[in-house]
Amino acid sequence: MKDLPSREILDRLEEAYECFQYGFYQACIAMCRSVLEYSLKEQLKASKTPPRIDYMRQGGDLTALIKQAEEIEILSRGLAIDAHEVRRRGNGVLHRRSAATRDLCWDTLQKMRHILARLYK
């Protein structure tokens, strides 16, 4: 596993915080989802784990990444639950199923920060 996130991931995380700071809560949550996806792809690649196509067919790319990361213990069960929450919130704002409040956005940022802290030790 990689010790530090790539520049691309750090740039996306910084953009998420900027979105929060300026009140663009939907954009912030969408960026958190993006950070999650890129970080899981990065860690799975670093662990030389090929993607599970059968998982992708069952629930989409990010769902598959989370499931696979939990399966090979990149994510604990608790982190996988948080990752699914970030995914659901991101999907909600991207597909206009839910609104983003300041509190929901801050909670999503905190979940993402916690996940990153455990992914990159």
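## A tour from F20

Select F20, which is buried, with a relative accessible area of 11%. Here buried means under 20% relative accessible area, exposed over 50%, and partly exposed in between (1.4 Å probe, protein chains only). The model is predicted: local features need pLDDT of at least 70, side-chain atom pairs count only at pLDDT 80 or more, and totals for chains, interfaces and linings use all residues. Residues are numbered from 1 along each chain as its sequence is written, and side-chain values use heavy atoms, with hydrogens and water left out.

F20 lies in helix α1 (residues 7–21) and W106 in helix α6, so the pair ties together parts that are 86 residues apart in sequence. Helices (H or I, at least four residues) and strands (E, at least two) are DSSP runs, numbered from the N terminus.

Is W106 buried or partly exposed? At 38% relative accessibility, W106 is partly exposed. Leaving aside residues up to four places away in sequence, W106 touches Y17 and F20; contact means heavy atoms within 4.5 Å. The C-alpha atoms of W106 and Y25 are separated by 8.6 Å, although the two residues are 81 residues apart along the chain.

**F24**

Next, select F24, in the loop between α1 and α2 (25–46). F24 is exposed, with a relative accessible area of 53%.

**Two cysteines**

A disulfide is a pair of cysteine sulfur atoms within 2.5 Å, and the structure holds 0 of them. C19 is buried at 11% relative accessible area, and C28 is buried at 0%.

**Helices α4 and α5**

Select α4 (residues 61–71) and α5 (residues 77–94), which pack at an angle of about 170° with their axes 10 Å apart. Axes are lines fitted to C-alpha atoms, for helices over the stretch in contact, and angles run from 0 to 180 degrees between N-to-C directions. The two helices, α4 and α5, are therefore roughly antiparallel to each other (an angle over 145 degrees).

Show the side chains where they meet: L62, T63, I66 and E70 in α4 are in contact with R77, A80, A83, H84 and R87 in α5. By class, this contact has 4 nonpolar, 2 polar and 3 charged residues. Ala, Val, Leu, Ile, Met, Phe, Trp, Tyr, Cys and Pro count as nonpolar, Asp, Glu, Lys and Arg as charged, and the others, Gly among them, as polar.

**Last stop: R89**

Finish on R89, also in helix α5. At 13% relative accessibility, R89 is buried. Its contacts are I29, L104, D107, T108 and K111, not counting residues up to four places away in sequence.

Definitions and conventions. Parallel < 35°, antiparallel > 145°, perpendicular 65-115°, else oblique.
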